[in-house]
Amino acid sequence: GKPTSDLEAAMSKMTNEDRAAQTRMLQQSLLADRFNLKVHFEVREMPVYALVPAKGGLKIKAVDAPAPRDPNSPPSPPPSPGQKLMMPPGFMATAIKPDGSRTMTAHAIPMANLIGFLRNVNEDNSGRPILDQTGFSGYFDISDLSFAPLTTNANGANSTPDAPSLATALEESLGIKLVATKGPVEVVVIDSIDHPSEN
């Protein structure tokens with residue numbers, strides 16, 4: 001499937017979250033059209049992880065929401081010599097140090113971005129959803145959050161750097177932790193589906 005030129009132009013002006021939502025709607029429309037797919041949604045009690053404040057409370061500081069994205073604005077000028085490179089609002093990145101440990105940095109992100117990262121790196125690979133129960137609804141920064149590798153190096157070298165686990169780093173630096181529990185999860189139930197129609 002490919003969006004029309006008008007829709008593609010409109011999507012280029014959307015935020016990352018709105019663009020992802022629009023893409024999901026297009027995919028759903030395509031499946032319904034090509035496969036005659038019929039579904040409904042249900043909320044079920046299932047195993048989940050809850051992202052909650054740690055014992056000492058949240059250590060996250062709210063920052064201003066990022067400004068709306070303007071695709072016609074010129075790119076930011078390169079930093080001057082010796083000037084620290086500023087991360088664009090709404091972005092997060094993870095760098096790997098020589099000893100194998102990681103450093104995470106983010107600027108003006110919502111909690112959903114951090115949850116997306118945690119979902120991708122969850123070590124038990126259980127596929128459990130992560131529910132935001134922090135009570136924090138704004139935007140925040142992450143400054144040089146260091147944590148140990150999520151898995152051991154294949155050659156065993158530098159497998160124990162002097163850095164805390166990701167869980168410990170999140171609790172000590174941001175005041176949040178993941179707790180295994182049960183909670184309401186919206187699931188998709190397929191009612192009917194046919195062989196795909198021809199192109």
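1. Start at Leu-114. Leaving out residues up to four places away in sequence, Leu-114 touches Met-92, Met-104, Ile-109, Phe-140, Ile-142, Leu-174 and Ile-176. Touching, or contact, means heavy atoms within 4.5 Å.

2. Know what you are looking at. This is a predicted model, in which local features need pLDDT of at least 70 and side-chain atom pairs count only at pLDDT 80 or more, while totals for chains, interfaces and linings use all residues. Residues are numbered from 1 along each chain as its sequence is written, and side-chain values use heavy atoms, with hydrogens and water left out.

3. Check the confidence next. The chain has a mean pLDDT of 82 (the predictor's confidence in each residue, from 0 to 100), and 80% of its residues reach 70 or more. Over residues 152-158, however, the pLDDT is below 50. Beyond near neighbours in sequence, that stretch has 5 contacts in the model. Where pLDDT is low, the predicted coordinates should not be read in detail.

4. Now the layout. The chain has 4 helices and 7 strands. Both are DSSP runs, numbered from the N terminus: helices are H or I with at least four residues, strands are E with at least two. Along the sequence the pattern is α-α-β-β-β-β-α-β-β-α-β. Take the contacts between residues at least 6 apart in sequence: 75% of them join residues at least 24 apart. Of the 199 residues in the chain, 24% are buried. Buried means under 20% relative accessible area, exposed over 50%, and partly exposed in between (1.4 Å probe, protein chains only).

5. Which residues touch the most other members of the largest nonpolar core? They are Met-111, Leu-114, Phe-117, Leu-118, Phe-140 and Ile-142, in a core of 23 residues. A nonpolar core is a set of buried Ala, Val, Leu, Ile, Met, Phe, Trp, Tyr and Cys residues joined through side-chain atoms within 4.5 Å. Two or more core residues come from each of β1 (38-53), β4 (102-110), α3 (111-121), β6 (139-147) and α4 (166-174). Helix α3 gives the largest share, 6 residues. In soluble globular proteins, nonpolar side chains tend to be buried together.

6. Look at how α3 and α4 pack. Their axes come within 13 Å and cross at roughly 160 degrees. The axes are lines fitted to C-alpha atoms, for helices over the stretch in contact, and the angles run from 0 to 180 degrees between N-to-C directions. So α3 is roughly antiparallel to α4. The cut-offs are these: under 35 degrees is roughly parallel, over 145 roughly antiparallel, 65 to 115 roughly perpendicular, and the rest oblique. The crossing of α3 and α4 is left-handed, meaning that the near helix is turned anticlockwise from the far one by less than a right angle; clockwise would be right-handed. From α3, Leu-114, Phe-117, Leu-118 and Val-121 meet Leu-166, Leu-170 and Leu-174 of α4.

7. Two residues deserve a look at their backbone. Most residues other than glycine have a negative phi, and most peptide bonds are trans. Ala-108, in strand β4, has a positive phi near 55 degrees. Asp-144, in strand β6, is not a glycine either, yet its phi is positive, about 50 degrees. Ala-108 is buried because its relative accessibility is 2%. Asp-144 counts as partly exposed because its value is 46%.

8. Thr-103 is found in strand β4. Is Thr-103 buried or exposed? Thr-103 has a relative accessible area of 11%, so it is buried. Beyond four places in sequence, its contacts are Ala-93, Thr-94, Ala-95, Lys-97, Asp-144, Leu-145 and Ser-146.

9. Turn to the start of the chain. Lys-2 is in the segment before α1 (5-11). Lys-2 is exposed, at 68% relative accessibility. Lys-2 and Leu-30 are 28 residues apart along the chain, and their C-alpha atoms are separated by 9.9 Å. Gln-22 sits in helix α2 (residues 16-35). Gln-22 counts as buried, at 19% relative accessibility. Neighbours within four places aside, Gln-22 is in contact with Leu-7, Met-11 and Met-14.

10. End with a loop. Where does Gly-57 lie? Gly-57 is in the loop between β1 and β2 (62-63). Its relative accessible area is 21%, so Gly-57 is partly exposed. Gly-57 and Ile-176 are 119 residues apart in sequence, but C-alpha to C-alpha they are 7.6 Å apart in space. Ile-176 is also one of the residues that Leu-114 touches.
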